[in-house]
Amino acid sequence: QRCASLGIDYLPAIEGAAVPADTSYTVLACAGELNGELRDRARAAAMARLARQVESPPPAASADDLSDALSIYAGALAEAGDRARAREMTLRQIAILEAAAKAAPGPKEASTFDYARMNAYLSVGRGEDAVALLEGRVRELPDDYEAPARLAQTLLALGRAKEAVAPAQRAVDNSYGPRKLRYLDMLAKAHRKSADAAG
């Protein structure tokens with residue numbers, strides 16, 4: 001209740017490249033724990049602040065900042081039942097991310113936008129675009145672990161578990177430290193969904 005009330009009172013005055021969207025996300029999460037008028041007012045305050053952030057972004061906002069704001073706003077719109085507007089926001093997000101990746105000096109720098117692009121493509125039914133992007137990134141960055149992991153994640157989301165096994169294994173082989181555990185879990189999931197109990 002305190003979080004929602006603070007959002008109602010202060011969201012209109014919060015400025016910055018990233019903080020308004022991040023705060024709006026938190027207020028929406030708090031509102032989700034409530035019922036009644038306070039919930040509705042908190043959601044309205046967060047939606048209004050997100051709308052202003054994406055329609056009149058501050059000059060200091062980076063492509064990442066705008067992408068995050070559009071993603072949060074799209075999710076909130078979808079939850080509110082406005083799927084057409086949510087899709088519009090996601091398509092705007094994709095355009096920003098694609099332009100930023102194109103302007104990057106090399107594939108490693110461009111890959112910083114891949115995770116957001118992957119999720120955005122999947123959310124608007126463009127899974128094959130995500131597959132093509134990440135297959136290309138695996139070729140460009142053969143020693144990377146994130147590109148094959150994201151490819152495996154995309155293939156799993158598309159129900160192509162058998163195809164996900166090889167990139168998941170590559171992510172395991174290329175990774176180190178705690179993230180290897182996450183990729184082993186993904187590899188196990190790919191085997192399980194492929195009906196490969198031994199794997």
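User: Is Phe113 buried or exposed in this model?
Analyst: The model is a predicted one, and in it Phe113 is found in the loop between α6 (107–110) and α7 (114–123). Its relative accessible area is 12%, and a residue counts as buried when that value is under 20%. With 12%, Phe113 is therefore buried.

User: Which residues does Phe113 touch, not counting residues up to four places away in sequence?
Analyst: One of the residues that Phe113 touches is Asp64, although Phe113 and Asp64 are 49 residues apart in sequence. In space these two residues are 7.8 Å apart, C-alpha to C-alpha. The list of residues that Phe113 touches, with those up to four places away in sequence not counted, is Ala63, Asp64, Leu97, Ala100 and Ala101.

User: How many helices and how many strands does the protein chain have?
Analyst: Read along the sequence, the protein chain follows the pattern α-α-α-α-α-α-α-α-α-α-α. Its C-alpha trace spans about 55 × 40 × 35 Å along the principal axes, and of its 199 residues 42% count as buried. The count for the protein chain is 11 helices and zero strands.

User: What share of the contacts in the protein chain with a separation of 6 or more comes from residues 24 or more positions apart?
Analyst: A contact here means heavy atoms within 4.5 Å, and the share is taken among contacts with a separation of 6 or more. Within that set, residues 24 or more positions apart account for 55%.

User: What is the relative accessible area of Ser24, and which residues is Ser24 in contact with beyond its neighbours within four places in sequence?
Analyst: Ser24 is found in helix α2 (residues 19–31). Ser24 has a relative accessible area of 0%, so this residue is buried. Leaving aside the neighbours within four places in sequence, the residues in contact with Ser24 are Leu11, Ala46, Arg49 and Leu50.

User: Are α1 and α2 parallel, antiparallel or oblique to each other?
Analyst: Two packed helices are described by the angle between their axes and the distance between the axes. Helix α1 (residues 2–10) packs against α2 at an angle of about 135°, with the axes 8 Å apart, and the crossing of the two is left-handed. An angle counts as roughly antiparallel when it is over 145 degrees, and at about 135° the two helices are therefore oblique to each other.

User: Which residues of α1 and α2 meet, and how does their contact divide by class?
Analyst: On the side of α1 the residues are Cys3, Ala4 and Gly7, and these meet Thr26, Val27 and Cys30 in α2. By class, the contact of α1 with α2 has four nonpolar, two polar and no charged residues.

User: How do the residues of the contact of α10 with α11 divide by class?
Analyst: The axes of α10 and α11 come within 8 Å and cross at roughly 160°, so these two helices are roughly antiparallel to each other. The crossing in which α10 passes α11 is left-handed. In this contact, residues of α10 including Ala164, Val165 and Ala168 meet residues of α11 including Tyr183, Leu184 and Leu187. The division by class is 11 nonpolar, two polar and three charged.

User: Which residues do the ring pairs link into a cluster?
Analyst: A search of the whole structure finds two aromatic pairs, and one of them is the edge-to-face pair of Tyr145 and Tyr176, with 5.8 Å centre to centre and 90° between the planes. Tyr145 and Tyr183 have ring centres 6.2 Å apart and planes at 45°, so their pair is tilted. Tyr145 lies in the loop between α8 and α9 and Tyr183 in helix α11, so the pair ties together parts that are 38 residues apart in sequence. The cluster that the ring pairs link is made of Tyr145, Tyr176 and Tyr183.

Terms used:
Residues numbered from 1 in each chain as written. Predicted model: local features only at pLDDT ≥ 70, side-chain atom pairs only at ≥ 80, totals over all residues. Heavy atoms only, no water. Phe/Tyr/Trp six-rings, centres within 6.5 Å; stacked < 30°, edge-to-face > 60°. Helix = DSSP H or I, 4+ residues; strand = E, 2+ residues; numbered from the N terminus. Buried < 20%, exposed > 50% of the residue type's maximum accessible area, 1.4 Å probe, protein only. Axes fitted to C-alpha atoms, helices over the stretch in contact; angles between N-to-C directions. Parallel < 35°, antiparallel > 145°, perpendicular 65-115°, else oblique. Left-handed = near helix turned anticlockwise from the far one by under 90°. Nonpolar A, V, L, I, M, F, W, Y, C, P; charged D, E, K, R; others polar.
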